[in-house]
Amino acid sequence: MLSKHLLVIGQSGAGKTSLFYNLLPQLDVPFWSFDLKQDYRHLTTQMDDLLVLPWTELKFNPLVPPPGVRPRRWAQVVSEIFGHATSLLSGSKNYLVKSILELYRLYDLFEEDSSPYPSFHELEQSLTSDPINYMRKNSNYRDTVLNRVEAMNLGSGTVFDCSQGYSLEELLTRNVIFEFDGLNRDTQNFLMEILFAYVYEYRLAQAHRSQDLNHVFVLDEAKQVFSVYKERQDEAGIPAVDELTAKMREFGEGLIVADQEASKLTDSIKANTYTKALLSTGDRKQFQALADSMNLTPRQRSVAQDLGIGEAVIQTGNEHPVRVTLEEYELAKTVTDTELQRHQGRIWNTLSSEPRKQPQRFEKAVWSDNTDPEEPGIIDDPPSKITVSDESEQLLRGVVEEPFIPLTERYETFSSRYKGNKAKNELVETGLVTEQSIRTGTGARKLLELTDRGRNYVEQTLDIDPRHEGRGGIVHRYWQHKVKEIFESAGWATTLELFDADVYVNTGELEIVVEIAMENTKREREHVEKHLEQGFEVVWVVCPTEKVRDGLKQRVENADIDSNQIVFHLAQDVSDALDDWH
């Protein structure tokens with residue numbers, strides 16, 4: 001029956017999560033659960049075969065089609081799903097699909113056995129460099145799509161930073177909890193919906209039609225994906241995810257979805273769930289929405305309105321509804337990030353992905369002024385098309401010349417804070433800079449970082465060289481320079497980017513390398529391991545948060561690396577730590 005889907009509605013504390021805790025261990029097919037609140041990691045204490053993938057550990061490239069699916073079809077699927085998740089209308093979705101197809105062409109992906117695939121980061125570069133006729137409406141489409149893609153890349157960490165992500169075909173054979181807590185809502189929605197679509201297109205291409213249950217999706221916050229408000233947007237068309245709910249049952253893919261508010265769910269999910277469970281709602285509107293869907297009689301509604309905690313009315317198909325008492329499920333929610341790293345770290349290390357690769361054809365098209373009529377290049381927006389105020393140009397010069405000045409201090413160079421803030425807003429709105437937050441030992445500060453468009457503007461319009469010392473984003477470079485200054489204050493020679501280290505230190509007796517580790521990832525652990533293999537006596541690992549620090553410590557421990565030469569510190573504590581160590 002689960003291949004025909006299950007819908008659960010109940011207020012917070014009514015027993016939805018306990019129902020899922022009872023149900024999941026009893027499934028005899030693999031399941032994928034999308035967890036937005038870190039509720040299901042605790043099942044690892046009772047389910048040995050459960051894989052938990054926080055988004056910081058996930059590697060996924062949405063532009064890689066499932067096996068057997070042609071790139072042209074997949075480009076249309078990605079555009080539809082991305083458009084639904086980020087509220088794009090038809091014009092912008094049409095522009096996006098053309099952009100993806102053009103990107104595939106630059107990568108020669110319409111040829112047989114072609115690789116690698118571009119990632120969302122290459123899509124952003126391509127959109128940024130797309131020549132726009134500003135007298136036409138497509139400039140609005142480009143800016144709208146670029147805004148969504150850029151924001152998703154910025155907020156998703158290293159998720160999309162790969163040419164080939166983890167094998168989803170292999171993950172379909174396992175019980176997996178995808179933890180998306182901490183991502184913004186658009187990115188959460190996109191990841192959930194594109195994974196739905198990937199599995200459906202994969203099953204369809206491989207002709208996996210089946211009357212049996214093969215696999216189950218679990219979602220405890222259904223209205224994020226199955227939102228009635230998006231379903232009612234006529235301009236955007238029927239959401240692709242609505243169609244998937246009806247089609248997936250043909251391939252043995254079941255959905256188990258739950259929410260507190262039935263009135264905010266699409267008619268599609270209510271109509272296409274064969275089994276429905278009504279728990280205590282506490283709100284007449286939400287009760288009425290599911291009671292109508294279940295076609296309860298007045299007498300049945302009267303009984304259902306008196307449900308207590310842990311009680312439910314369950315209806316399968318057109319059968320009579322039954323009042324039941326749900327079993328309790330004792331589960332201590334004690335699995336911290338450190339505990340999760342300890343139990344799951346070795347499994348994460350076995351998951352493989354391929355780094356991003358750019359064929360020469362793409363690099364030439366995006367980054368060069370190609371005048372060959374046979375191979376027209378894609379260039380960035382002409383600087384003349386971008387106009388900003390004198391105050392904004394003043395602020396932009398300061399960002400290049402002194403990149404690590406806090407935003408509040410930059411405002412002091414203007415006649416008023418209002419003018420400084422207005423200039424900053426203008427630079428952000430025109431896509432020349434982005435704001436980045438950083439927490440130091442003395443509090444939080446905001447830094448401004450040039451975008452690709454901003455670098456192009458300062459170089460061609462302001463005649464300023466935008467190159468900088470250090471690598472990575474502005475926050476990473478801030479800590480590189482800060483750590484360099486701290487070691488220099490101790491009287492030691494320091495250099496950035498020497499021997500592929502973020503900071504190289506020579507005390508006269510020891511050679512020390514410092515890695516600025518912004519995230520708890522496999523790649524950061526590999527950097528540390530490489531420095532030890534090269535014979536450095538001491539490796540300092542400087543992390544922005546305790547969560548990243550503790551996670552990397554656990555990674556090192558799981559990889560059986562000798563940690564005697566490794567020193568972990570929080571970024572804001574480096575100065576005090578160096579005094580103690582010295």
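The legends below describe several close-up views of a predicted model.

**View 1. Helices α3 and α4 meet at a crossing.** Helix α3, which spans residues 90-106, and helix α4, which spans residues 120-128, have axes that come within 10 Å and cross at roughly 110°. Since angles of 65 to 115 degrees count as roughly perpendicular, the two helices are therefore roughly perpendicular to each other. On the α3 side the contact is made by Tyr-95, Leu-96, Ser-99, Ile-100 and Leu-103, and on the α4 side by Glu-122, Leu-123, Ser-126 and Leu-127. Sorted by class, the residues of this contact comprise six nonpolar, two polar and one charged.

**View 2. Helices α15 and α17 cross one another.** The axes of helix α15 (residues 390-401) and helix α17 (residues 417-429) come within 8 Å and cross at roughly 80°, which makes α15 roughly perpendicular to α17. Helix α15 contributes Glu-391, Ser-392, Leu-395 and Leu-396 to the contact, while helix α17 contributes Gly-420, Ala-423, Lys-424, Glu-426 and Leu-427. By class, the contact of α15 with α17 divides into four nonpolar, two polar and three charged residues.

View 3. Asn-175 belongs to strand β4, which covers residues 175-179, and with a relative accessibility of 11% Asn-175 counts as buried, because buried means under 20% relative accessible area. When residues up to four places away in sequence are not counted, Asn-175 touches Val-29, Pro-30, Phe-31, Met-47, Asp-49, Leu-50 and Leu-51. One of these partners, Asp-49, makes a polar contact, side chain to side chain, with Asn-175 at 3.1 Å. The C-alpha atoms of Asn-175 and Val-29 are separated by 8.4 Å, although the two residues lie 146 residues apart along the chain.

View 4. Thr-494 lies in strand β12, made up of residues 493-496, and is buried, with a relative accessible area of 10%. Not counting residues up to four places away in sequence, Thr-494 touches Lys-484, Phe-487, Glu-488, Val-503, Tyr-504 and Val-505. Among them, Glu-488 is also joined to Thr-494 by a polar contact of 3.0 Å between the two side chains.

**View 5. Gln-554 within helix α21.** Gln-554 is placed in helix α21, which runs over residues 546-558, and is buried, with a relative accessible area of 4%. Once the neighbours within four places in sequence are left aside, Gln-554 is in contact with Thr-338, Gln-341 and Arg-342.

**View 6. Ser-227 in a loop.** Ser-227 occupies the loop between β5 (210-219) and α8 (228-231), and at 11% relative accessibility Ser-227 counts as buried. With neighbours within four places in sequence left aside, Ser-227 is in contact with Lys-264 and Thr-266. Ser-227 and Met-518 are 291 residues apart in sequence and, from C-alpha to C-alpha, 34 Å apart in space.

**View 7. Cys-162 and Cys-543.** Cys-162 is buried, with a relative accessible area of 0%, and Cys-543 is likewise buried, with a relative accessible area of 0%. A search of the whole structure for disulfides finds zero.

Conventions: Residues numbered from 1 in each chain as written. Predicted model: local features only at pLDDT ≥ 70, side-chain atom pairs only at ≥ 80, totals over all residues. Heavy atoms only, no water. Disulfide = S-S within 2.5 Å. Buried < 20%, exposed > 50% of the residue type's maximum accessible area, 1.4 Å probe, protein only. Helix = DSSP H or I, 4+ residues; strand = E, 2+ residues; numbered from the N terminus. Polar contact = N/O pair within 3.5 Å; in protein donor to acceptor, adjacent residues only side chain to side chain. Contact = heavy atoms within 4.5 Å. Axes fitted to C-alpha atoms, helices over the stretch in contact; angles between N-to-C directions. Parallel < 35°, antiparallel > 145°, perpendicular 65-115°, else oblique. Nonpolar A, V, L, I, M, F, W, Y, C, P; charged D, E, K, R; others polar.
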